[in-house]
Amino acid sequence: MNIMEIDTVDIDLEKNAVVIIDQTKLPNEVVLKDLRDPKEIWEAIYKLEVRGAPAIGVAAAFGIYVIAQDLSEKFSSDEEGFCKAFVEQKEYLNSSRPTAVNLSWALNRMEDCLKAHLGQGVPAMVEALKNESIEIRDEDIRVCKKIGEYGVELIKDGDGVLTHCNAGKLATIRYGTATSPIYVAAERGMKLRVYCDETRPLLQGARLTSFELFESGIDTTLLCDNMSAALMKQGKVNAIFVGCDRVAANGDTANKIGTSVVATVAARYGVPVYIAAPTSTIDMNCKTGDDIIIEQRDGKEVTDMWYEKPMAPAGVKVFNPAFDVTDNELIAGIVTEYGIARAPYTESLKEIFEKKKEMRLS
C-alpha cells in the first residue's frame, strides 16, 4: 500500500465512518482505521492516531458529521433535541486536545453550518453538515498547495532544508504545510537535500516525515534533535520550514516541542526559519504566545514508550510538554495560503486576513 496515494483522513459515507491512517503504526505498518462512535473519534485525536493541526481539523469535521448522522436517527423530527445533542458532542470532541486551534476552528465552523440551516428539518441539517465537512477537507488540499507555491519561492535548487516534527502530508490531507514547498519543488524538478529532526519524544520526524519524504523519492537525511546545530554550523542548512499548531496575533508560534531550540540555534548561524501556517491556524484572538495553552503529556512517553524496558529510574519526575512557543523575533516569515507575512506580524497578519476577505481560493 503506497501511503502517498491515500488521503490521511477521509470519510466512508456508506459505512458512516471517518477513515484515518493510524499514525501510531507507522512506519512499519500502514493501517487504515474506521472511526464511528464519539469515543473512538476522541481517542484517535488524543492518542495521536490522527495528528497535525490541519488533519485534526478535518477529522473533527468528519467526526462530528458521523456523530450527527447517528443522532439524526434518534432526533429525526426533533430539531431542538438534535441541536442540543450536537453541541454536547462537539464540546466533547473539542476537549481531546487543547493546543491545535484547527480542532475548535473546524468544530465551530460545523456548528455555524448547523445554525445556518435551522428550521429546515434534521435531514436537511445533516446533509448540510456532510457537504461542509467535505468542503473543509477539499479546502485543506487547496490551502496546502498554495502554501507550497508561496514557500518554494524562498528556496532554490540544491538547497538544504531542515524540518522538525511532521508538518507533512500525514499532518494534513495531501502536500502538508512545512513540506509542501518541498513537494512543489520536486514537482518542478528542483533537487533539495532535506534534513529531518527525529523529534523526541514521539519521534514524528523519524517515523513520519523521513518516511513520507523517503517514500516520495526525495533526498532525505534523519538526525537526532541535538545534532541540528552541528549541521547548521557546517553550512548545510539554507532554510528551515516547520509547521505550527497555533500562531498568535503577534507572530509567536506554538509548534512541536523543540522548535524553539531549532529557531534559537538558527538565529546563531543566520539560517532563516519559516512557519507554514494555514490561516485557520492563526488565532488573532490570541495576543501573544504567553496566551497559548500548552498541552502536558504523560511522562511515560519519555521514559517507557519506545523501550523494551524503562529507560529511566522508576518514579523520576518527567517534564513532557507537547509544544513550545517560538518568539516572533526568531521567525523570518509566516507562509500562508494568501502570501508570506513578515515582521511586524501584528500588521502583516492583519493584512493577510484582509486579503483573505477580498479573495477566496477557487
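I looked up Pro27 and found it in the loop between β2 and β3 (32-35). The peptide bond from Leu26 to Pro27 is cis, with omega near 5°. Strands here are DSSP runs of E with at least two residues, helices are runs of H or I with at least four, and both are numbered from the N terminus. I note that this is a predicted model, in which local features need pLDDT of at least 70 and side-chain atom pairs count only at pLDDT 80 or more, while totals for chains, interfaces and linings use all residues. Residues are numbered from 1 along each chain as its sequence is written, and side-chain values use heavy atoms, with hydrogens and water left out.

I then turned to the loop between β5 (193-197) and α7 (204-215), where Pro201 lies. A cis peptide bond joins Arg200 to Pro201, with omega about 0°. Thr199 is also placed in the loop between β5 and α7, and its phi is near 70°, a positive value in a residue other than glycine. I checked Leu203 in that loop too; its phi is near 60°, again positive in a residue other than glycine. Most residues other than glycine have a negative phi, and most peptide bonds are trans.

Are Thr199 and Leu203 buried or exposed? Thr199 counts as buried because its relative accessibility is 0%. Leu203 is buried as well, with a relative accessible area of 15%. Buried means under 20% relative accessible area, exposed over 50%, and partly exposed in between, with a 1.4 Å probe and protein chains only.

Next I looked at Asn16, in the loop between β1 (9-12) and β2 (17-21). Asn16 counts as buried because its relative accessibility is 13%. Leaving aside neighbours within four places in sequence, I found Asn16 in contact (heavy atoms within 4.5 Å) with Arg36, Tyr65, Val66, Gln69 and Asp70.

I went on to the nonpolar cores, meaning sets of buried Ala, Val, Leu, Ile, Met, Phe, Trp, Tyr and Cys residues joined through side-chain atoms within 4.5 Å. Which residues touch the most other members of the largest nonpolar core? Of its 45 residues, these are Val9, Val50, Phe82, Met110 and Leu129. At least two residues of this core come from each of β1, β2, α1 (38-46), α2 (53-74), α3 (79-94), α4 (101-116) and α5 (122-151). The largest share, 14 residues, is from α2. Apart from this core lies another, of 26 residues, among them Met232, Val247, Ala263 and Ile331. In soluble globular proteins, nonpolar side chains tend to be buried together.

Last, I took the whole-chain values. The protein has eleven helices and 14 strands. Its C-alpha trace spans about 70 × 55 × 40 Å along the principal axes. Of the 362 residues, 56% are buried. Among contacts with a separation of 6 or more, 75% are between residues 24 or more positions apart.
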